[in-house]
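Welcome, and thanks for opening the viewer. Let's take a short tour, one selection at a time.

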Amino acid sequence: MNNFFFNNILTLNFPHGSTPVMGNIINFHEKCLLIILFVLVVVLTLLLYNILFSLSQTNGLENTLLEILWTVIPTLIIITIMVPSLEILYFSEESGGSFFSNNLKVVGHQWYWTYDEFEISNQALLNFDSYLINESDLNLGEFRNNEVDRPVIFEVNRATRLLITSADVIHSWAVPEFGVKVDAVPGRLNQIVVFTSEPGRFFGYCSELCGVNHSFMPIVVEVINI
Ligand SMILES: [Cu+2]
């Protein structure tokens, strides 16, 4: 598998999904691609047919049935895309009941993240900053511009509620493998519930341009069995 071409083809697609939300997003994306392919083939076939055989045809200036069809069929296609898309949108914002194993406040700073673990009673359990590890301090096998000095810990098969905000400018807390991207807006708490379904280390990035070191405030989530 250590093939340059193959590795790069793989990275053209989504990362492997490790939450139900990301699994749904990937499935939806694949279904959409099939529909797009179908539309492309039909349109190109008709276009090619016209170019080759009937470019100068003038007796087909009006056709009510055809007009109804090319209105109704695209409408149906859009509805079949829209319905699952909205389902996933609402599913991803689902809070999943009132019990969370973990409540975490995530605060974006220029240019690092702060994690604040607290109980429902508002008692603070843990509060720490998560900084990028400099290239010169990396150990062998660690990823450049991806590792942090203190990753945030999630429990596997548990829902973690994140309350995301910022202390200065707008940041965005995003982990592609979770299908999560939530803006960190100063003066506002954005909530998302993440249900992780497998252990591992997951990398994320600030996804809202927030200043010169925007690229140097990565996110590392360690999902562990407890
Ligand atoms: Cu940023």
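## First stop: the copper ion

Keep in mind that this is a predicted model. Centre on the copper ion, whose site is irregular, with angles of 84 to 131 degrees among its four donor atoms. For four donors to count as tetrahedral, all angles must lie between 85 and 135 degrees. Which protein atoms are the donors? Show Cys206 (SG), Glu208 (O), Cys210 (SG) and His214 (ND1), which lie 2.0 to 2.7 Å from the copper ion. Along the sequence, these donor residues follow the spacing C-x1-E-x1-C-x3-H.

## Second stop: two loops

Next, select Trp111, in the loop between strand E1 (102-109) and strand E2 (112-118). Look at the peptide bond that joins Gln110 to Trp111: it is cis, with omega near 0 degrees. Then move to the loop between strand E3 (124-130) and strand E4 (152-155), where you will find Asn145. Asn145 is not a glycine, yet its phi is positive, near 60 degrees. For context, most peptide bonds are trans, and most residues other than glycine have a negative phi.

What is the make-up of the lining? The residues divide into 18 nonpolar, six polar and three charged. The space in this pocket comes to about 490 Å³.

## Last stop: the annotated segments

Finally, highlight residues 32-56 and 68-91, which an unreviewed UniProt entry annotates as "transmembrane region". Over residues 68-91 the chain is 100% helix and 0% strand, and the C-alpha atoms at its ends are 35 Å apart.

Conventions:
Residues are numbered from 1 along each chain as its sequence is written. This is a predicted model: local features need pLDDT of at least 70, side-chain atom pairs count only at pLDDT 80 or more; totals for chains, interfaces and linings use all residues. Side-chain values use heavy atoms; hydrogens and water are left out. On a 1 Å grid over the protein atoms alone, a cavity is a set of points where a 1.4 Å probe fits but cannot get out, and a pocket is an open set with protein on both sides within 12 Å along at least five of seven lines; lining residues have an atom within 4 Å of a point. Grid points are joined across faces, edges and corners, and a volume is the space filled by probe spheres set on the points. Ala, Val, Leu, Ile, Met, Phe, Trp, Tyr, Cys and Pro count as nonpolar, Asp, Glu, Lys and Arg as charged, and the others, Gly among them, as polar. UniProt positions are given in the numbering used here, feature names are shortened, and annotations may be inferred rather than shown by experiment. Helices (H or I, at least four residues) and strands (E, at least two) are DSSP runs, numbered from the N terminus. Donors are N, O and S atoms within 2.8 Å of the metal (3.2 Å for Na, K and Ca); water is not among the atoms, so sites may look incomplete. Four donors count as tetrahedral if all angles lie between 85 and 135 degrees; four count as square planar and six as octahedral if opposite donors are over 155 degrees apart and all others between 65 and 115; anything else is irregular.
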